[in-house]
Amino acid sequence: MMRELDKELKELRLYGMAGAWEELVKQGGHVTLESSRWLLEHLLQAEVTDRAMRSISYQMHTAKFPVHRDLAGFDFACSPVDKKLIEQLAGMAFTEQAHNVVLV
């Protein structure tokens, strides 16, 4: 049954869930009814995460950005930008009030 589930998840293109299922099987033990809710939540979360990561990867590839960059790797010491302001903008709170941000 475990092999059939893995096959069905892949046929449905639920690769994140299939990968998570394989990891759970490797950890050993059979899934009981009491843990079925936890299992389904775990598998669904793995699928959501996997699809988000694949989407970002696809979008980055399509945009043809030369390198992935984020604020975690930004060196504020070598730049004249206001670190506190950038971190505040990164929180995206301005979108809740429907305000715009113009960067020059």
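**Notebook: rings, core, charges and loops**

**Entry 1. The aromatic pair**

I began with Phe76, which is buried at a relative accessible area of 17%. The cut-off for buried is under 20%, so Phe76 at 17% falls inside it. I note here that the model is predicted.

Next I looked for aromatic pairs. How many does a search of the whole structure find? The search finds one. The partners are Phe74 and Phe76. Their ring centres lie 4.7 Å apart, and their planes make an angle of 70°. I needed both values, because a pair of aromatic rings is described by the distance of the centres and the angle of the planes. Planes over 60 degrees apart count as edge-to-face, so the 70° between Phe74 and Phe76 makes this pair edge-to-face.

Is Phe74 buried or partly exposed? I found Phe74 partly exposed, with a relative accessible area of 38%.

**Entry 2. The nonpolar core**

I then turned to the largest nonpolar core. Which residues make it up? There are nine: Leu9, Leu14, Met17, Ala18, Ala20, Trp21, Leu24, Leu39 and Leu43. Two elements give two or more residues each, helix H2 (15–27) and helix H3 (36–63). The largest share comes from H2, with five residues.

I checked burial along H2. Gly16, Met17, Ala18, Ala20, Trp21 and Leu24 are buried there. Leaving aside residues up to four places away in sequence, Met17 touches Leu9, Leu43, Leu44 and Glu47. Leu9 and Leu43 are also on the core list. I kept Glu47 in mind for the charge entry.

**Entry 3. The length of H2**

**Entry 4**

I went on to charged side chains. Side chains of opposite charge can pair when their charged atoms come close. A search of the whole structure finds four salt bridges. I wrote up three of these.

Glu47 bridges to Arg51, with the closest N and O atoms 2.5 Å apart. Why can these two meet? Glu47 and Arg51 are four residues apart in helix H3, so about one helical turn separates them. An α-helix has 3.6 residues a turn, so residues three or four places apart point the same way.

Glu47 also meets Arg54 in a salt bridge, at 3.8 Å from N to O. Arg54 in turn meets Asp50, at 2.8 Å from N to O. Arg54 and Asp50 both lie in H3, four residues apart, or about one turn. Through shared partners, the salt bridges join Glu47, Asp50, Arg51 and Arg54 into one network.

I then asked which of the four is buried. Glu47 is buried, at 4% relative accessibility. Arg51 is partly exposed at 42%. Arg54 is partly exposed at 38%. Asp50 is partly exposed at 25%.

I looked for positive phi in residues other than glycine. Lys64 has a phi near 60°. Where does Lys64 lie? Lys64 is in the loop between H3 and helix H4 (83–90). Exposed means over 50%, so Lys64 at 69% relative accessibility counts as exposed.

Ala98 also has a positive phi, near 60°. I placed Ala98 in the segment after H4. Ala98 is exposed, with a relative accessible area of 63%.

**Entry 4. Ala90 and Leu71**

My last stop was H4, where Ala90 is found. Ala90 is partly exposed, with a relative accessible area of 41%. I compared its place in sequence with its place in space. Ala90 and Leu71 are 19 residues apart in sequence. Their C-alpha atoms are 8.5 Å apart in space.

Key: Residues numbered from 1 in each chain as written. Predicted model: local features only at pLDDT ≥ 70, side-chain atom pairs only at ≥ 80, totals over all residues. Heavy atoms only, no water. Phe/Tyr/Trp six-rings, centres within 6.5 Å; stacked < 30°, edge-to-face > 60°. Buried < 20%, exposed > 50% of the residue type's maximum accessible area, 1.4 Å probe, protein only. Core = buried A, V, L, I, M, F, W, Y, C linked by side-chain atoms within 4.5 Å. Contact = heavy atoms within 4.5 Å. Salt bridge = Lys/Arg side-chain N within 4 Å of Asp/Glu carboxyl O.
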